[in-house]
Amino acid sequence: MTEKSGNPIAKKTKPARAEVPLVSFIMSGGVGTRLWPLSRQDFPKQFHDFSGNGSMLARTVHRLNFINRLRPENSAKMPVYLIASESHAPLLDKEISGLPLYGGQPVFEPLGRNTAAAVALACAISLQNYGDSLVLIVPSDHDIETEEQFWQTIEAGIPAAQDGKIVIFGIKPDRPETGYGYIEIAAKTGGKEQVFDVLQFKEKPDSTTAERYCRAGNFLWNSGIFLFSAKIMQQAFARFAPEIKQNVSAALAQARRDFSGLWLPFDAYKAVPADSVDYAIMEQADNIVLVPARFRWNDLGSWQSLLDTPAGKKNRDTNGNVIIGDVVAIDCERSYLRSQSGLLSAVGLKNMAVVATGDATFIAPVSQSQNVRKIVTSLENSGRLETRFTPAPGRPPVAGAHLSRVENWLFEEALPLWSTKGVDDKGGFHEVLNFDGLPLHRDKRMRTQARQVYTFAVAGARGWQGPYRELIAHGLDFIEKGRLDNGGFVATFDADGHIKDTTEDFYDQSFVLLALAHAHAGGERRARRLAEESFAFLDRYLLDKSGKPAGTRGYFETRQNDRPLRRANPHMHFLETCLAWYEVTGEADYLDRAANIVDLFRNIFFDADNWALGEFFDADWQRAKGEAGDICEPGHHFEWASLLVAYERHKTAFAARQANDKTADNAPRNIVLLARKLYASATASGVNRTTGLAYNSVSRFGTPIDCATRSWPQTEAIKAAIALDSNHGPDLKPEVESRIARLFRWHIDTAPKGLWIDAIDEQGKARSQSVPASIFYHLVAALTYYMDFAAALES
């Protein structure tokens, strides 16, 4: 910058409210999807250091402050404001700490409303604090190495801005780029060498059109940098976008100011229409001129663009590759290869971008890297979190973060599949589907029929719009075919729906009762009658009527009592059933039944010394001899934990109501402490450290027995973590999100749409050849539990 250029910045047509030559605003609210997977919603590209000289945001502040350093004789320094997302406040504070803003400050948007709102904010703030000053708008994510040439370009546009023009700065194309918008210019304005009239704005073109623009010579790239009088731009908003102007002014009037910045209110700001400034103003105004840039510019809008930055050129190897991180490249040319997640090896790549982070890898020809937005859109539509959150040590998942992914899989993928392909027109539900989503000809277990009724009833209660009432009725019609005269239900049908095994298994009776509870809640009239008759069957034929106390007797496995071992598992599901009936009726009898099972857990099933849950017992409820007595299942530890917490919650609330005490006792209860011990035991010795998934079984001393994993223990771990979260114990919200992520990572995302991989070996390799319908109950139970958990957090 030479002295001959004078100091146009110091010229003003009117005295400003505060003596400043210019007010600058950095737009920093974007998420930089074109640089995914590195740039994400929680850590977008403006906060990344691509040059080795600091983040793009910090470098933008330095660039704007260059004029203040260059002209120390000016008593009035240029204020620097930043318009950013409220969610990025901690990142922003870290990046600008110690940088002078000269009276400017961050302005935090509670939600993104696009660039028109940001420009309207800049006008309103400038007029409020400085009068009719000139306003400079710059993006936060541009790579501009030549600060002096940058300010020479800005100064070239100041006279036009002072004359009432809206000045935009254009970049002369050096290639036919499809990722940028273009501006068509006319002749020079009024003999001023560097100022041109704007004819029209052009959207991002296809490759043929981009080539034509380059040949024409009067098309420049739109840099997104603007200069204007605050009063002139506000008049443009009043004329072309009055709703944006009015709602921005209303939000600004209600903003909260503190030492960290200006915080706009959510309710007021969400009323601002979300439009780009190009669409709202620039394409309609007739007082726009363009100044060609004198500086070197790159908007870092694609992985290809990083090959062309000065930093990229500096880091190129002899074959023109930019290599960052642990990368071995052989016979590769002009490729961008970056790894943040271990060794990346590549052979024979030419003009390719390969970017690997801790949880995602992007691969594309550099010429098509602009299309990463299509991938991001696809991921967002399916609720994937890889677009939102950056995996990093010390960066815990946000509570409720997986909600959209859970809802999408459950309501858009799984339920539509299982409510059609999983339904047998001849009666009931299919036991198994293959990975093409087609039924296999298998026997039908009563427990599976009941679980499917439960599944559709719970889905309907959570807002699923499918034909859940018809599916409940369809399932109960089939279940009733297996009801015997004594009120019990058979164990198995053959594939054609004929009764095959008439055993009245306690496990099956519990699941029929569970299904009936949720069918009753969904309005199925016969459910209550069938349940009463089924409970009567249990009391008459399966209840242990020995002289022992109720809390030490339990139920027999079958009416014939012909099995050598008794199990804790059917009693756990009977506890689940009793709690379900108490929840839908409020009748104390069901809570009393649940209490007997809880006492059985305390007195018999739980090993207080090892914090372990026994699975198999002899006829006198002594731990079974040999291997059977040594087995513990981490999944059952988790399952019991969530049920015990639910029981304690209901018992405490019931006691408070009986005592007419509206303030329930919130002290930690013994039952909750036992649940916490179960959870701690399962997580300490029952989890595969490679995959983070729960083992199928361990010994009561914590030694792994079956190191493979199934999907259902992972769902029960989710429920247990939710139940114990902050329940007089630690904050388990990050653990909940991590367990949801692992369930999807290993069991759901690797399967065809609406299905899951049920069995996985110790190394994470799929072992399943088909998909059992019985597991859908576990998935629906856990995921709807998670939905309720996320909804409670929002409220």
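Reader: Which backbone oxygen does the side chain of Thr-683 reach?

Author: A polar contact is a pair of N or O atoms within 3.5 Å; within protein, one must be able to donate a hydrogen and the other to accept it, and residues adjacent in sequence count only if both atoms are side-chain atoms. Here the Thr-683 side chain reaches the backbone oxygen of Ala-680 at 3.1 Å. Please bear in mind that this is a predicted model, where local features need pLDDT of at least 70, side-chain atom pairs count only at pLDDT 80 or more, and totals for chains, interfaces and linings use all residues. Residues are numbered from 1 along each chain as its sequence is written, and side-chain values use heavy atoms, with hydrogens and water left out.

Reader: Where is the place of Thr-683, and which residues does Thr-683 touch, not counting those up to four places away in sequence?

Author: Helices (H or I, at least four residues) and strands (E, at least two) are DSSP runs, numbered from the N terminus. Thr-683 belongs to helix H22 (residues 670-685). Contact means heavy atoms within 4.5 Å; leaving out residues up to four places away in sequence, Thr-683 touches Phe-638, Arg-689 and Arg-739.

Reader: How many aromatic pairs are there?

Author: Rings of Phe, Tyr and Trp (its six-membered ring) pair if their centres lie within 6.5 Å; planes under 30 degrees apart count as stacked, over 60 as edge-to-face and the rest as tilted. The count comes to 36 aromatic pairs. One of them is the tilted pair of Tyr-507 and Phe-511, with 5.2 Å centre to centre and 45 degrees between the planes. Both residues lie in helix H16 (residues 506-521), four residues apart, about one turn of the helix.

Reader: Is Phe-511 buried or exposed?

Author: Buried means under 20% relative accessible area, exposed over 50%, partly exposed in between (1.4 Å probe, protein chains only). Phe-511 is buried at 1% relative accessibility, and Tyr-507 is buried at 7%.

Reader: Why is strand E1 largely enclosed by the rest of the structure?

Author: Strand E1 (residues 23-28) is largely enclosed because six of its six residues are buried. In a regular strand the side chains alternate between the two faces of the sheet. In E1, Val-23, Phe-25 and Met-27 point one way, while Ser-24, Ile-26 and Ser-28 point the other way.

Reader: In what sense do E1 and strand E4 pair?

Author: Two strands pair if DSSP finds at least two bridges between them. E1 and E4 (residues 134-139) pair in the parallel sense over five bridges, with Ile-26 opposite Val-138.
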